[in-house]
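Below are some notes on the side-chain pairs in this model, written as numbered points. Please read them alongside the coordinates.

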Amino acid sequence: ANLIPSHWHISTLAICPTGELLTSSLRVTVNRYGDKFTKVSTVCTFPDVQRHGLEAGIHADILTPLDRIIERSQTQLHGMNEEAQMQYTEESSRRKWWNERHSIDEDLKLLLERAQQIYFSRDPVQQRIIPNELFANESGRWDSVSDDDSSQSSGLGPGNLASRFEAAEREASGIISNEEKRKKETEQLAHEEINRDLERSDLAQLTVVVIKSKLASFGIQGKSVRKMRKAELIELLLTEMANDCNDESIDEADSISSEHRPTEPAEHRFPDHENPDKAEEPCTILVLDEHLLRFPFESMDMFSNISVTRVPSLPFITATLIENREGKSVDANKVSYVLDPESNLKESASTLGPALSSIASENGWEWKGVAGEKPSN
């Protein structure tokens, strides 16, 4: 618990030989007293045999169609060098190529939506990937029930019961709802516009000298207003008066809120320097089995507002954290790299190779690199 940061959520996904999807999560939670606890949970998703037949399962539903899309894409892009591009000089051939490209992209998009809808965006699986309690702000649009396995048989679910009870409490206590608040803000803006028109007509009765003197009270004078017309001076004065009024309102609101804010322990009011991860953006770390490695989880809509990455295994995470804690680091003078080992990325190699050599030479590092071929050892 003391090793993994509390803003990290580790999610492992694997497919059983019989077709079930196992989704596990590992996360460190921190209570109000600063104590850390490791929370581990697992859920199993069974194929819907009644709806999709005996062949149902993530292999038949998602991975096999994904392999077909990947094969189509690879076939279309295979051998796309300068010579091959010559066959697409005519507009009709180019249009046909792009139509096929668009068809591949659209099929992939539909497949991702299907995978998300059937397997990943419903509770309790979603709670093992992006739990509400950690990603409430980042993924608020994904309405979900609480972290409770009893909700898995419901298609729609009862919604977020906690938020509904909270809304009922607000209504009972007389706190203004968002809709009422927006209505009041609209009415207030209308009144402010009317008052602004009245003030404009009053200021129009003043002389230019008096208007400039009022602007001078806001620190606006000299060359900045010398050549301005009376109407421009009035609009500028109205803007400054409105800004001054807003500043006073903000100061007053801050004063009121600080008076009524409940007293909290000091560690809750100020950044915790001993636990800097508390203020960090939460992220999901995926650990995938050999079947799911090729699936583009990061492109699903449910991850659009989420920081997500993937690692080969759990020891890969813990080993890195232990090394960082022990102060271990990479010796920049002992770096080796392999660039374009299959010799099929000549343009990338010609760009990255000189860039890596330049970085090493500028810092006096002796890097060993192999480019355009597989290393001998």
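1. Arginine 101 belongs to helix H4, residues 91-120; helices (H or I, at least four residues) and strands (E, at least two) are DSSP runs, numbered from the N terminus. Residues themselves are numbered from 1 along each chain as its sequence is written. The model is predicted, so local features need pLDDT of at least 70 and side-chain atom pairs count only at pLDDT 80 or more, while totals for chains, interfaces and linings use all residues; side-chain values use heavy atoms, with hydrogens and water left out.

2. Arginine 101 has a relative accessible area of 13% and is therefore buried (buried means under 20% relative accessible area, exposed over 50%, partly exposed in between, with a 1.4 Å probe and protein chains only). Leaving aside neighbours within four places in sequence, arginine 101 is in contact with Ser73, Gln76 and Leu77, where contact means heavy atoms within 4.5 Å.

3. The side chain of arginine 101 also meets that of aspartate 105 in a salt bridge, at 3.9 Å from N to O. The term requires a side-chain nitrogen of Lys or Arg within 4 Å of a carboxyl oxygen of Asp or Glu. Both residues lie in helix H4, four residues apart, or about one turn of the helix. Aspartate 105 is partly exposed, at a relative accessible area of 43%.

4. The structure holds seven salt bridges. One of them joins aspartate 67 and arginine 294, with 2.7 Å from N to O. This pair links distant parts of the chain: aspartate 67 is in helix H2 (residues 58-77), arginine 294 is in the loop between S4 and S5, and 227 residues separate them. Aspartate 67 is partly exposed at 34% relative accessibility, and arginine 294 is partly exposed at 34%.

5. Another salt bridge is formed by the side chains of glutamate 100 and arginine 72, at 3.3 Å from N to O. Here too distant parts of the chain are linked, with glutamate 100 in helix H4 and arginine 72 in helix H2, 28 residues apart. Glutamate 100 is partly exposed, with a relative accessible area of 31%; arginine 72, at 27%, is partly exposed. Salt bridges that share partners join Arg72, Glu100 and Asp107 into one network.

6. How many aromatic pairs are there? The count comes to six, under the rule that rings of Phe, Tyr and Trp (its six-membered ring) pair if their centres lie within 6.5 Å, with planes under 30 degrees apart counted as stacked, over 60 as edge-to-face and the rest as tilted. Tryptophan 97 and tryptophan 98 have ring centres 4.9 Å apart and planes at 85°, so this pair is edge-to-face. Tryptophan 97 is buried at 15% relative accessibility, whereas tryptophan 98 is exposed at 56%.

7. Phenylalanine 120 and phenylalanine 295 form a tilted pair, 6.1 Å centre to centre with 40° between the planes. The pair links distant parts of the chain: phenylalanine 120 is in helix H4, and phenylalanine 295, 175 residues away, is in the loop between strand S4 (283-288) and strand S5 (307-311). Ring pairs link Tyr119, Phe120, Phe295 and Phe297 into a cluster.

8. Phenylalanine 46 sits in the loop between strand S3 (36-45) and helix H1 (49-52). Is phenylalanine 46 buried or exposed? With a relative accessible area of 58%, phenylalanine 46 is exposed. Its C-alpha atom is separated by 9.4 Å from that of isoleucine 58, 12 residues apart along the chain.
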